[in-house]
Amino acid sequence: MHPLTDAVANARLHDYEASVKHAFDNLVPVLKQIASERCEPDFVSRAQAIARAELGFELPAPILEDSWIGGLDMRRLFAACVFETYHRMSDAFYRDDPLGGRDGGAFERFLLECGFHLMDVTPCADGRLAHAISYVLRLPYGRVRRKSYAGSLFDIENTVEKWVETELTRFREGRPNTADEPTRYLKVVMYHGSSVDPAHQGCAAHGSDDAAAASAGLERLKAFRQAIENSFCCGASVDLLLVGLDTDTDAIRVHVPDADGYCDLEHWLDAGKVYEITRGMSAPQARERIKELVRAHAPGKTAAAALTEGMVQLIVGLIENNISQIDYVRQYHGGSYADIGHAERFIGAGIGFEEIQLRNLTYFAYLSTVEEGAKDVDVGIKIFTGLNVNRGLPVPIIVRYDYHGGVPGARERAVAHCERIAAALKARYPTLCADGMLHCLRAVRDCDAAAPIEIVGSSLQPAAAGGH
């Protein structure tokens, strides 16, 4: 391994990834086994015994008990198992903090030393980037703002609102530092491509064109900064960072910016190449060499445009962290993931999902209304048509809204959001829903209380019985 690789962290992260993904991937084999028992007279008890032993939970009794009428509804059973597995995984995440993402004090101090009071990262919504924070960059998820969008094309107005909220917190509460300290808001865009199949497995939102993805990400970054400066003042500006990710190897490429935020789209510092250059050095030598390489890749040629020391320090840290991830993929995935394309297990839609920190576990669509996020949701449905529908399995969608429990009526509004989105999904995809090929779980969470999720409804629930 590389001298900078954290082998202990790699082993811990792999144990978590393997256990969670096994829980989802084991569903189909177990359900096949249960289906083979459906003609037995004691089928319900046999099925529940298998589920308890293999999955760790019981199956919805009504689905099993009604199997004598119209046969065993495997689509509903599959969706129920996906939802229960997600629920258990989510509860364990908030209860046990398996990735240690809440303990981010050291990273926050490091970030302040680099001259930044918040790091706001937008990866693409593609499930192959869902692990960008906890694995690829090895950052504590609790101290980094992450909001994913298709093509990494984040909502500028929403991000301006977050900037205002951050600066007001600094001014009113002095968190993480006071407003008079000369630190800056760091906005990062992470686009992606594929080294194994660049023409087909890159970012779908940009036609698998890496150059187009990088260019669009940079334009969105510049527009955000311009919005801040136009609305407030030049002194209230932000720092920008553009990062690319090879979703096959998890190696990042950093477009090193100068002090003005300018970076060259045609040149970058490739962590994979840095790995090879420094692998024979001692750890201190490797860090020093990485620092030299970062400075050498700065685009500015004049003193005024020189790369700031804080940005150098930050990029060195990100590349060092990524070196551990490069070795992680080499050690546990043979250097390149077998699933170079989509292999997500469910669609997550709404606001939240802090617990989704694993590659190819979830396709995420950030949305307040289906109309606003229609493009992202349609992409997710297209992906799951290939993954599930064409195999006869339904599309599992989890609609989730996090809310601030200290705000009066926030929970009720979050539940209403879920109901509205679920109804809109049913209206947008009527054929899938009518055929039992799309099922939706609704959940909310009080993010102020660090609470687990609360299930508030599901399309799997039987309709209420009518009365005279």
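Tyr-135 is buried, because its relative accessibility of 2% falls under the 20% limit. The model in which this value was computed is a predicted one. Tyr-328 is buried as well, with a relative accessible area of 0%. The ring centres of Tyr-135 and Tyr-328 lie 5.7 Å apart and their planes stand at 75 degrees, so this is an edge-to-face pair. Tyr-135 belongs to helix H8 (residues 132–136) and Tyr-328 to helix H13 (residues 309–333), so the pair ties together parts that are 193 residues apart in sequence.

How many aromatic pairs does the structure hold? The count is 12. One of these is the pair of Phe-107 and Phe-110, a tilted one, with 6.4 Å from centre to centre and 40 degrees between the planes. Both residues sit in helix H7 (residues 105–113), three residues apart, and are therefore separated by about one helical turn. Phe-107 counts as buried at 11% relative accessibility, whereas Phe-110, at 23%, counts as partly exposed. The 20% cut-off for burial is why these two residues receive separate labels.

Some aromatic residues also group together. Phe-24, Tyr-86, Phe-346, Phe-353 and Phe-364 make up one aromatic cluster.

Strand E5 covers residues 252–255, and Arg-253 in E5 stands opposite Gly-244. Arg-253 also stands opposite Asp-270 in E6. Strands of a sheet pair through backbone hydrogen bonds, in either a parallel or an antiparallel sense.

In what order do the strands of the open sheet follow one another? The six strands are arranged as E2-E1-E3-E4-E5-E6, and their pairing is mixed. Strand E2 (145–146) and strand E6 (269–270) stand at the edges; each has a single partner strand, so one side of each is left without a neighbour in the sheet. E5 and E6 run antiparallel and are joined by two bridges. Strand E4 (residues 238–246) pairs with E5, also in the antiparallel sense, over four bridges. E4 and E5 form a hairpin with five residues between them. In the turn of this hairpin, Asp-250 has a positive phi of about 70 degrees.

That value is a reason to look at the backbone elsewhere. Most residues other than glycine have a negative phi, and most peptide bonds are trans. Ser-152 has a positive phi, near 60 degrees, and is placed in the loop between E2 and H9. Its relative accessibility is 1%, so Ser-152 counts as buried. Ser-208 likewise has a positive phi, near 55 degrees. Ser-208 is placed in the loop between E3 and helix H10 (210–231). With a relative accessible area of 14%, Ser-208 is buried.

Where does the chain have a cis peptide bond? Such a bond joins Arg-175 and Pro-176, with omega at about -5 degrees. Pro-176 lies in the loop between helix H9 (156–173) and strand E3 (184–193).

The remaining values describe the chain as a whole. Its secondary structure comes to 16 helices and 11 strands. For 468 residues, a compact globule would have a radius of gyration near 23 Å, and the chain agrees with this at 23 Å. Along the principal axes, the C-alpha atoms fill a box of roughly 80 × 50 × 40 Å. Buried residues make up 53% of the 468 residues; Tyr-135 and Tyr-328 are among the buried residues. The chain exposes about 20,300 Å², of which carbon and sulfur atoms supply 52%.

Contacts can also be sorted by sequence separation. Of the contacts between residues at least 6 apart in sequence, 70% join residues at least 24 apart.

How values were computed. Residues are numbered from 1 along each chain as its sequence is written. This is a predicted model: local features need pLDDT of at least 70, side-chain atom pairs count only at pLDDT 80 or more; totals for chains, interfaces and linings use all residues. Side-chain values use heavy atoms; hydrogens and water are left out. Rings of Phe, Tyr and Trp (its six-membered ring) pair if their centres lie within 6.5 Å; planes under 30 degrees apart count as stacked, over 60 as edge-to-face and the rest as tilted. Buried means under 20% relative accessible area, exposed over 50%, partly exposed in between (1.4 Å probe, protein chains only). Two strands pair if DSSP finds at least two bridges between them. The radius of gyration is taken over C-alpha atoms; the globule rule is 2.2 Å times the number of residues to the power 0.38. Contact means heavy atoms within 4.5 Å. Accessible areas come from the Shrake-Rupley method with a 1.4 Å probe; for residues, only the protein chains shown count as cover.
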